[in-house]
Amino acid sequence: MGQVWIKCITIVRAANNHGQTVTYYPGDWCQVGMYQARQLVAAGSAEIQNPVTRAQTFELADCGVVAYGGSRLGATTSIGTALPELKVETDERGPRLAFNRTLIYDPSVKLTTLLIPIGFYRLTTGWRMASPVIPRKGDGTEYLTAEMIGTPADQAATKAIVRDLRCPVYDPRVVFALQCPECEDVIAQWNEERVLPGNDSRLAFLRAWYTHKPKMCGLPASWYAR
Amino acid sequence: MHASGTIYVAYGPPALAEMRRSVAGLWQFNDLDVAVIGALGTQLDLDGAQLIPFNQPGPGARWAKLNTDLLAPPAWRHILYLDADTRVLGDVTAPFAMLDDGFDLVLTPSQNQGADVLCHIGSDDRSDTIDALCNPEPLQLQAGVMWFDRVRCARLFAAWREEWKKHHAQDQGALLRALDREPVRVHILGRAWNGGSIVEHKFGKAR
């Protein structure tokens with residue numbers, strides 16, 4: 001990953017573009033590598049003001065991607081290129097929470113890779129899951145609701161649990177989840193139900209999530225790559 | 001099933017007129033108690049509705065709205081907050097059952113998303129929100145129709161008030177910041193529930 005701009009809070013010594021060590025003073029701006037940026041921010045010696053840039057410096061050591069679906073191998077290449085420090089696994093058995101913070105990902109959906117660290121960050125503030133709601137219109141102002149998908153039998157099974165089908169559905173192809181009992185239960189139930197004949201994976205996920213209720217941070221349709 | 005009721009905020013003749021129209025629809029389809037936060041001495045002209053006098057409405061009466069968890073009748077555990085400019089066109093009680101199921105807050109997303117997210121609030125408020133969330137594209141929520149459990153949302157409302165005080169303006173940015181400080185179990189509903197076939201929303205008509 002490239003260099004990022006930081007604003008120094010204390011005196012910081014960092015190498016410039018010519019490899020010379022330069023002393024920066026509080027209030028100065030300078031560019032440093034991602035690793036040094038993380039260290040300086042963690043030590044309280046610098047801050048990163050652009051929220052997107054700041055997200056790129058988030059610690060991802062406990063994070064990983066579990067890719068599933070027909071094109072799962074493609075994920076290794078695309079995410080691995082964009083975020084080389086992220087562990088990426090493919091699993092033919094289906095989604096599972098392999099890391100403390102896992103992105104369950106079906107690479108058939110295009111995701112803005114810049115937002116992946118932000119998705120993982122969502123799980124550090126008390127949310128246990130984060131997932132986009134599926135858009136119905138391209139501009140993301142309308143959402144697919146549970147009454148619009150699935151067979152009548154699948155809808156009836158869903159309504160029996162969620163009470164009303166006039167609700168958006170989360171996209172199980174993009175789910176950030178914390179390794180915790182609630183999320184494990186969601187994934188286990190979803191894995192069990194999504195493969196049953198006639199079941200829609202999205203409704204199966206909605207039922208599993210509603211049943212176990214991990215705190216879900218909904219994300220907008222703009223999270224899909226444009 | 002917890003005791004529940006519906007609360008409105010209405011200050012001034014336009015808001016009171018809108019609120020009465022909303023309550024008429026609410027009572028046509030639902031057997032729900034109603035309380036209205038308003039100025040001391042307000043004539044509600046609604047048999048069966050209770051006035052909750054509160055003389056610190058704040059700009060756009062938002063301070064009153066952000067205090068609904070504290071001001072609502074003490075017996076109510078589950079509360080439906082409705083903007084005065086809503087029109088209830090059907091049964092709005094299913095989300096109360098969702099609160100019974102264990103959700104803390106039930107509401108809908110806003111129509112402003114993506115590049116338009118938080119476009120109607122001040123630029124400082126917007127940038128503060130994006131900065132606090134470290135997320136340039138959060139899901140904006142519409143808090144003009146919401147069901148909540150006042151006990152399980154007490155910390156969220158306290159945080160919401162604190163965040164709102166930073167700008168004293170709109171409340172959606174403050175809500176997102178508060179949710180990030182005090183996450184609760186949120187269930188989001190579709191457009192039908194706010195701006196659709198169950199609850200119509202005539203944005204801005206109460207001003």
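Predicted model: local features only at pLDDT ≥ 70, side-chain atom pairs only at ≥ 80, totals over all residues.
Chain A is divided into domain 1, covering residues 3–56, and domain 2, covering residues 63–223. The C-alpha centres of these two domains of chain A lie 35 Å apart.

**Chain A as a whole**

- Chain A holds seven helices and 11 strands, and its C-alpha trace spans about 70 × 35 × 35 Å along the principal axes.
- Of the 226 residues in chain A, 44% are buried.
- When contacts in chain A between residues at least 6 apart in sequence are considered, 66% of them join residues that are at least 24 apart.

**The six-stranded sheet of chain A**

- Six strands of chain A form an open sheet with mixed pairing, in the order β7-β6-β8-β10-β9-β11.
- At the edges stand β7 (87–90) and β11 (216–219) of chain A, each with a single partner strand, so one side of each is left without a neighbour in the sheet.
- From one strand to the next, the twist of this sheet averages 20°.
- The pairing of β11(A) with strand β9 (residues 129–132) of chain A is parallel and runs over four bridges, and within it A:Pro132 has A:Leu219 of β11(A) as its bridge partner.

**Helix α7 of chain A**

- Helix α7 of chain A, residues 201–212, has 12 residues and reaches 17 Å from its first C-alpha to its last, which is close to the 16 Å expected at 1.5 Å a residue.
- This helix, α7(A), is mostly covered, with 10 of its 12 residues buried; among them are A:Leu203, A:Phe205, A:Leu206, A:Trp209 and A:Tyr210, as well as A:Arg202, A:Arg207 and A:His212.
- The cover over the buried residues of α7(A) includes α5, α6 (181–194) and β11 of chain A, and β11(A) is also one of the two edge strands of the sheet described above.
- Just after α7(A) comes A:Lys213, which takes a positive phi of about 55°.

**Strand β7 of chain B and its partners**

- Strand β7(B) is mostly covered, since nine of its nine residues are buried.
- One partner of β7(B) is strand β4 (residues 78–82) of chain B, which is joined to β7(B) by five bridges and runs antiparallel to it; in this pairing B:Leu82 stands opposite B:Val145.
- Another partner is strand β6 (residues 105–109) of chain B, which pairs with β7(B) in the antiparallel sense over four bridges, and here B:Thr108 has B:Gln142 of β7(B) as its bridge partner.

**Helix α7 of chain B**

- In helix α7 of chain B, residues 172–181, nine of the 10 residues are buried, so the helix is largely enclosed by the rest of the structure.
- The buried residues of α7(B) include B:Leu175, B:Leu176 and B:Leu179, and also B:Gln172, B:Arg177 and B:Asp180.
- These buried residues of α7(B) pack against α5 (123–133), β7 (141–149) and α6 (154–164) of chain B.

**The contact between chains A and B**

- The contact takes 27 residues from chain B and 29 residues from chain A.
- On the side of chain B that touches chain A, the elements that give two or more residues are α4 (94–101), α5 and β8 (186–188) of chain B, and α4(B) gives the most, with three residues.
- By class, this side of chain B has 16 nonpolar, six polar and five charged residues.

Definitions and conventions:
Residues numbered from 1 in each chain as written. Chains lettered and ligands numbered in written order. Buried ≥ 20, exposed ≤ 12 C-beta atoms within 10 Å, placed from the backbone. Contact = placed C-beta atoms within 7 Å. Domains from an automatic or database assignment. Pairing = 2+ DSSP bridges. Nonpolar A, V, L, I, M, F, W, Y, C, P; charged D, E, K, R; others polar. Axes fitted to C-alpha atoms, helices over the stretch in contact; angles between N-to-C directions. Expected span 1.5 Å × (residues − 1).
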